[in-house]
Amino acid sequence: MPELPEVETVRRGLQQHTAAMPIARVVVHRARAIAAPRQDPAAFCLALQGRLVQQWLRRGKYLIAQLDQGHWGVHLRMTGQFLWLEAERSAGHPPCRHTRVQLWDPDGRELRFIDTRSFAEMWWVPPGKPVETVITGLQRLGPEPFDPAFDAAYLKGKLKGSSRPIKNALLDQALVAGVGNIYADESLFAAGIRPTTPSGRISAARLETLHQALVRVLEQSIGAGGTTFSDFRDLTGTNGNYGGMAWVYRRGGQSCRRCGETIRRTTLGGRSSHWCPSCQH
Ligand SMILES: [Zn+2]
């Protein structure tokens, strides 16, 4: 599932290829992909056609295109992916059966949206309407990991008295936006904290270490173009290369790259957690 670094990589690709793109034509192949106007592809197409993409923003795992009028929101969920096709390739490559939405500029260049699992969603936000009143999931998001408001003191306050495992807390989008399984596991390893540790028992100093580790791991992964762990592809179909650097994620049963101890795998909150019993306390 794409997490913050993957979504940020997609945002940069969209910004590169489609900032200032006039949307000439839109085709929706699957009504379920349209969350607003709910499962009304005709209204969605009508709203987007003739609009001009100005810039792409990201909030948590949400992508939001600021248009000359209104906004267009996208959540990739499990497997959503955008492909950018020059006019010749667009004409020569008919949509596959997982293609959900196609958008063209006046020169026939195409932004194609493909989603094998079909959980991805798109929203049209009419002009003058606050984005979070239509994309209601935005209302529940905590601060961005890179936001100055997200620091050790914030974590200390939010986690005070909590017996919830720190891993589960990190996955909670209301605590911090955009962190998923990969980066929670990797940052807990980098901070030397076991995923099962009750959140409220972690000292301010260790929360500071965790905060720094999380920011560093996310920044490194954005720099590497997202991870290779998922089906993630950027707009040109390229996989990221963070995978080569994973310390614990999906390494259960293998040797710790730092100390040689066997990496453990534990299920927490329905998700697999990977950690080193010697490096993490
Ligand atoms: Zn170790």
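This is a predicted model: local features need pLDDT of at least 70, side-chain atom pairs count only at pLDDT 80 or more; totals for chains, interfaces and linings use all residues.
R59 belongs to strand β3, which covers residues 53–59.

Leaving aside neighbours within four places in sequence, the contacts of R59 are I64, L138, L141 and A177. R194 is 135 residues from R59 along the chain, and the C-alpha atoms of the two are separated by 28 Å.

## Domains and their contact

The domain assignment divides the protein chain into domain 1, residues 4–140, and domain 2, residues 152–275. Their C-alpha centres are 29 Å apart. Contact between them involves 19 residues of domain 1 and 19 residues of domain 2.

On the side of domain 1 that touches domain 2, α1 (4–18) and β6 (81–85) each supply at least two residues. The largest share of that side comes from α1, with 10 residues. By residue class, the side of domain 1 that touches domain 2 holds 8 nonpolar, 6 polar and 5 charged residues.

## The nonpolar core

The largest nonpolar core contains 73 residues. Within this core, the residues with the most contacts are L63, F82, M122, W124 and V179. Helix α7, residues 181–191, gives the largest share of the core, 7 residues. The core lies between domain 1 (4–140) and domain 2 (152–275), because both give residues to it.

W124, one of the residues with the most contacts inside the core, touches A36, P37, F44, A47, L48, G70 and W72 when residues up to four places away in sequence are not counted.

## The four-stranded sheet

An open sheet is formed by 4 strands in the order β1-β7-β8-β6, with antiparallel pairing. β1 (25–28) and β6 are the edge strands, each pairing on one side only. From one strand to the next, the twist averages 15°. Strands of a sheet pair through backbone hydrogen bonds, either parallel or antiparallel.

Strand β7 (residues 99–104) and strand β8 (residues 110–114) run antiparallel and are joined by 5 bridges. L103 has L111 of β8 as its bridge partner. The hairpin of β7 and β8 has 5 residues between the strands, and G108 in this hairpin takes a positive phi near 85°. β6 and β8 also run antiparallel, again joined by 5 bridges. Here L83 has R112 of β8 as its bridge partner.

## Burial of β8

β8 is mostly covered, with 5 of its 5 residues buried. In a regular strand the side chains alternate between the two faces of the sheet. In β8, E110, R112 and I114 are on one side, while L111 and F113 are on the other. Both faces are covered, and all of these residues are buried.

## The loop between β2 and α2

The loop between β2 (34–36) and α2 (41–48) contains D40. D40 has 15 C-beta neighbours inside 10 Å and therefore counts as partly exposed. R30 is 10 residues from D40 in sequence, and the two are 9.9 Å apart in space, C-alpha to C-alpha.

P37 is also found in the loop between β2 and α2. The peptide bond joining A36 and P37 is cis, with omega about -10°. A36 and P37 are both among the residues that W124 touches.

## Backbone exceptions

Most residues other than glycine have a negative phi, and most peptide bonds are trans. A20 is not a glycine but has a positive phi of about 80°. The place of A20 is the loop between α1 and β1. A20 counts as exposed because it has 9 C-beta neighbours inside 10 Å.

R250, also not a glycine, has a positive phi of about 55°. R250 is located in the loop between α8 (204–223) and β10 (264–268). With 15 C-beta neighbours inside 10 Å, R250 is therefore classed as partly exposed.

Notes:
Residues are numbered from 1 along each chain as its sequence is written. Domain bounds come from an automatic or database domain assignment. Two residues are in contact if their C-beta atoms, placed from the backbone, lie within 7 Å. Ala, Val, Leu, Ile, Met, Phe, Trp, Tyr, Cys and Pro count as nonpolar, Asp, Glu, Lys and Arg as charged, and the others, Gly among them, as polar. Two strands pair if DSSP finds at least two bridges between them. Axes are lines fitted to C-alpha atoms, for helices over the stretch in contact, and angles run from 0 to 180 degrees between N-to-C directions. A residue is buried if 20 or more other C-beta atoms lie within 10 Å of its own, exposed if 12 or fewer, and partly exposed in between; C-beta atoms are placed from the backbone. A nonpolar core is a set of buried Ala, Val, Leu, Ile, Met, Phe, Trp, Tyr and Cys residues joined through C-beta atoms within 7 Å.
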